[in-house]
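Have a look at the model, then read on.

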Amino acid sequence: TPHLHYMTQCLALARKAPALPTNFRVGALLLSRSTTDTTPTYSSDILLSTGYTMELAGNTHAEQCCLSNYASVHGVPDEQVHTVLPHNDPERKLVMYVTMEPCGKRLSGNAPCVERIINTRQGGEGRGIQKVYFGVKEPGTFVGESEGVRRLEEAGVEWEVVPGLEREILEVAVEGHEKEKREEEVRSALEGVKTDVEPSEEERRRQETQPRNPKKRM
């Protein structure tokens with residue numbers, strides 16, 4: 001599926017991140033997608049930006065780097081990226097693919113990635129990132145129970161889990177962690193894949209109303 005294809009690209013980006021005991025290695029893509037494209041390949045997608053953990057200076061996350069890279073190309077500071085993101089075509093929308101659920105809180109004091117995603121939507125309906133696809137839920141290694149999905153839903157941002165690469169994503173993510181604890185982290189996170197990332201009733205109803213392609217892998 002195109003979703004798995006993009007997730008594979010995100011995983012390749014994650015492998016570029018430094019393997020450290022204090023972070024997860026994650027990769028992200030920002031795309032412009034036609035709202036009228038009915039093909040199962042999303043052949044009209046336009047890649048806008050990429051990012052991976054600590055690509056930029058500081059304790060930077062993949063989504064943060066992805067948006068920061070786009071802002072830099074267009075000559076604006078990170079907090080103004082929403083002003084230069086495409087928004088003039090009502091038949092296109094912005095979507096993000098990321099190997100791991102966007103973080104909902106940071107210990108470093110930096111803005112969480114989910115907050116950065118939500119902030120792209122400033123300026124009116126239909127602006128900014130409309131949907132986030134991710135491969136696994138954020139493990140509780142550093143901040144405990146993740147809040148990413150809940151905060152996305154509260155802000156009206158759609159989300160979808162892309163299955164198929166869970167173990168690979170997690171093994172790459174924790175490569176810099178203590179060797180003795182890595183497998184336990186992966187095992188624990190895999191146990192939560194099917195139980196912890198469940199849509200709310202509202203999100204479930206919304207997803208059920210969406211047209212489904214029979215070739216799409218759920």
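## The chain as a whole

A contact here means heavy atoms within 4.5 Å. With that in hand, take the contacts in the protein chain that have a separation of 6 or more: 69% of them come from residues 24 or more positions apart. Keep in mind that this is a predicted model.

The protein chain holds seven helices and five strands. Reading from the N terminus, the elements go α-β-β-α-β-α-β-α-β-α-α-α. Of the 218 residues, 48% are buried.

What is the order of the strands? The five strands make an open sheet that goes S2-S1-S3-S4-S5, with mixed pairing. Ignoring direction, neighbouring strands are turned by 20 degrees against each other on average.

As a bit of background, strands of a sheet pair through backbone hydrogen bonds, and they can do so in parallel or antiparallel fashion.

S1 covers residues 27–34, and eight of its eight residues are buried, so the strand is largely enclosed by the rest of the structure. Buried here means under 20% relative accessible area. Both faces of S1 are covered: one side carries Gly27, Leu29, Leu31 and Arg33, the other carries Ala28, Leu30, Ser32 and Ser34, and all of these are buried.

How many bridges tie S1 to S2? S1 and S2 (residues 46–52) pair over six bridges, in the antiparallel sense. Within that pairing, Ser32 has Ile46 of S2 as its bridge partner, and Leu31 stands opposite Leu47. Then there is S3 (residues 92–100), which runs antiparallel to S1 and is joined to it by seven bridges. Leu30 is the residue standing opposite Met96 of S3.

## Helices over the sheet

H1 lies across S1, S2, S3, S4 (129–136) and S5, and runs at about 145 degrees to S1. H2 (residues 62–73) lies across S1, S2, S3 and S4, and runs at about 130 degrees to S2.

## H1 against H5

Two packed helices are described by the angle between their axes and the distance between the axes. For H1 (residues 2–14) and H5 (residues 166–173), the axes come within 10 Å and cross at roughly 15 degrees. Angles under 35 degrees count as roughly parallel, so H1 is roughly parallel to H5.

Which residues make the contact? On the H1 side they are Met7, Leu11 and Ala14, and on the H5 side Glu168, Ile169 and Val172. As for handedness, H1 passes H5 in a left-handed crossing.

## A stop at Ser188

Is Ser188 buried, partly exposed or exposed? Its relative accessible area is 39%, so Ser188 is partly exposed, as the cut-offs put buried under 20% and exposed over 50%. Ser188 lies in H6 (residues 179–196). Ser188 and Pro139 are 49 residues apart in sequence, while their C-alpha atoms are 8.2 Å apart in space.

Terms used
Residues are numbered from 1 along each chain as its sequence is written. This is a predicted model: local features need pLDDT of at least 70, side-chain atom pairs count only at pLDDT 80 or more; totals for chains, interfaces and linings use all residues. Side-chain values use heavy atoms; hydrogens and water are left out. Buried means under 20% relative accessible area, exposed over 50%, partly exposed in between (1.4 Å probe, protein chains only). Helices (H or I, at least four residues) and strands (E, at least two) are DSSP runs, numbered from the N terminus. Two strands pair if DSSP finds at least two bridges between them. Axes are lines fitted to C-alpha atoms, for helices over the stretch in contact, and angles run from 0 to 180 degrees between N-to-C directions. Angles under 35 degrees count as roughly parallel, over 145 as roughly antiparallel, 65 to 115 as roughly perpendicular and the rest as oblique. A crossing is left-handed if the near helix is turned anticlockwise from the far one by less than a right angle, and right-handed if clockwise.
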